[in-house]
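Biologist: Please show me the protein, and let us then discuss the terms used to describe it.

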Amino acid sequence: MTARVLPARRHSFATRAVGAQSAVWRLDGVLLVAVAALCVIGTLLVWSSTRTWAPGSTGLVKKHVLNLAIGAALCGAAAMVDHRLLRAYAPVVYVVTLVGLAIVITPLGTTVNGSHSWIMLGGGFAVQPSEFAKIGLVLMSSMLLAQPAEGTDRPRGLDMVFTLVVAGIAMGLVMLQPDLGTTLVLAVITTCGLVLAGVRKRWMILLVLVSAAGAAAVWTMELLEPYQVARFTAFLDPSVDPRGVGYNSTQALIAIGSGQLFGKGLLEGGQTTGRFVPEQHTDFIFTVLGEEFGFLGSVTVVALLGVVLLRGLKIARQCEDRFGTLVAGTIVCWLAFQTFVNIGMTVGIMPITGLPLPFVSYGGTATFTNLMAIGLLQAIRIREQAFN
């Protein structure tokens with residue numbers, strides 16, 4: 001008698017998507033909750049800071065929510081991609097970002113707030129290629145530094161040179177816009193990648209000396225734009241011209257200080273309603289937080305950002321793949337630096353550089369890249385959990 005062969009059991013799409021073996025259960029839930037909380041808080045702050053001047057009763061909230069939805073979709077797409085596949089396509093991503101940077105410095109680019117960094121798409125939408133350059137440099141530098149020299153755990157000398165070259169090209173194109181803040185972020189991504197890869201100290205010291213010499217040359221040759229020089233002047237002494245270059249810094253401190261411990265309440269901030277601080281929905285959104293939610297609200301946001309960075313570090317530490325470790329580590333360094341600079345410039349300990357607060361500030365391309373970075377962290381986490 002012939003035994004009956006039962007047909008293989010087919011799993012439904014829902015089972016594959018959310019079943020016990022699904023990648024959904026390998027996501028870092030704490031990281032997702034922290035990012036979601038920051039996005040919700042940011043949406044409230046954007047509403048408060050734009051409702052009195054932007055068209056409509058809700059200001060720019062609808063557009064911001066749309067940007068967050070697109071960013072969430074990009075985050076999910078990045079999370080589902082095997083990061084080892086990204087290693088193979090890192091050069092393609094990098095070249096595409098360079099093309100975008102090159103297009104910006106042509107007549108197709110548009111100047112906003114003194115920086116020729118945008119490409120207008122119509123319908124009120126614009127894209128900033130320098131933001132995508134952060135992702136491109138993270139992947140490209142990690143790919144170059146992931147292969148150690150034979151018999152060592154350090155990158156090969158030629159790979160270090162290539163890393164500096166690809167970083168220099170991207171930074172040079174961004175400086176032509178000019179966008180000093182993004183250039184500094186790209187420099188931090190490169191430096192942290194070299195440190196995480198285990199570059200010898202003497203090479204890092206040499207790099208620091210060369211960078212310092214380059215910065216001195218830029219200053220002495222007066223290659224910075226007048227408004228950039230004015231920002232450094234205001235940082236060193238805001239009282240020099242409180243109604244001119246020092247105005248932003250002075251008003252930011254007043255707004256944050258007026259919130260005291262508990263804040264004035266959502267939509268109740270006088271500095272915010274009166275638009276005393278320019279760009280409160282983007283670069284200076286932390287002043288809205290300080291005024292309307294006070295010290296406790298500010299500490300809460302800082303703590304949530306700290307959770308994001310700590311979870312990113314945990315993913316980098318647990319990853320056994322060198323490329324994944326470098327990608328996760330440089331993303332954390334990028335977000336940490338941008339957070340420190342943004343909050344620092346609102347409280348007077350850093351010069352104004354035009355960097356938005358990750359996950360909180362209003363923005364399109366910046367929102368997309370920040371959430372894509374979280375997606376990359378989740379992609380690394382998913383793969384590592386699959387082997388544990």
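The conversation below takes up those terms one by one.

Modeller: This is a predicted model, in which local features need pLDDT of at least 70 and side-chain atom pairs count only at pLDDT 80 or more, while totals for chains, interfaces and linings use all residues. Residues are numbered from 1 along each chain as its sequence is written, and side-chain values use heavy atoms, with hydrogens and water left out.

Biologist: What makes up the protein in terms of helices and strands?

Modeller: The protein has 14 helices and three strands. Both are DSSP runs numbered from the N terminus: helices are H or I with at least four residues, and strands are E with at least two.

Biologist: Which residues are in contact with asparagine 342, leaving aside its neighbours within four places in sequence?

Modeller: Contact means heavy atoms within 4.5 Å. On that basis, asparagine 342 is in contact with Asp283, Phe286, Leu355, Pro356 and Leu357.

Biologist: Which residues make the nonpolar surface patch?

Modeller: Leu66, Ile70, Leu74, Leu121 and Phe125 make a patch of about 410 Å². Helix α3 (residues 61-79) gives the most to this patch, with three residues.

Biologist: Which members of the largest nonpolar core touch the most other members?

Modeller: A nonpolar core is a set of buried Ala, Val, Leu, Ile, Met, Phe, Trp, Tyr and Cys residues joined through side-chain atoms within 4.5 Å. The largest has 76 residues, of which Ile331, Trp334, Phe359 and Ile374 touch the most other members. Helix α12 (residues 285-318) gives the most to this core, with 11 residues. Isoleucine 331 touches Val138, Ala373, Leu376 and Leu377, not counting residues up to four places away in sequence.

Notes. Buried < 20%, exposed > 50% of the residue type's maximum accessible area, 1.4 Å probe, protein only. Patch = residues over 30% accessible without salt bridge, like charges linked within 9 Å, V, L, I, M, F, W, Y side chains within 5 Å. Areas by Shrake-Rupley, 256 points an atom, 1.4 Å probe, with all protein chains shown as cover. Salt bridge = Lys/Arg side-chain N within 4 Å of Asp/Glu carboxyl O.
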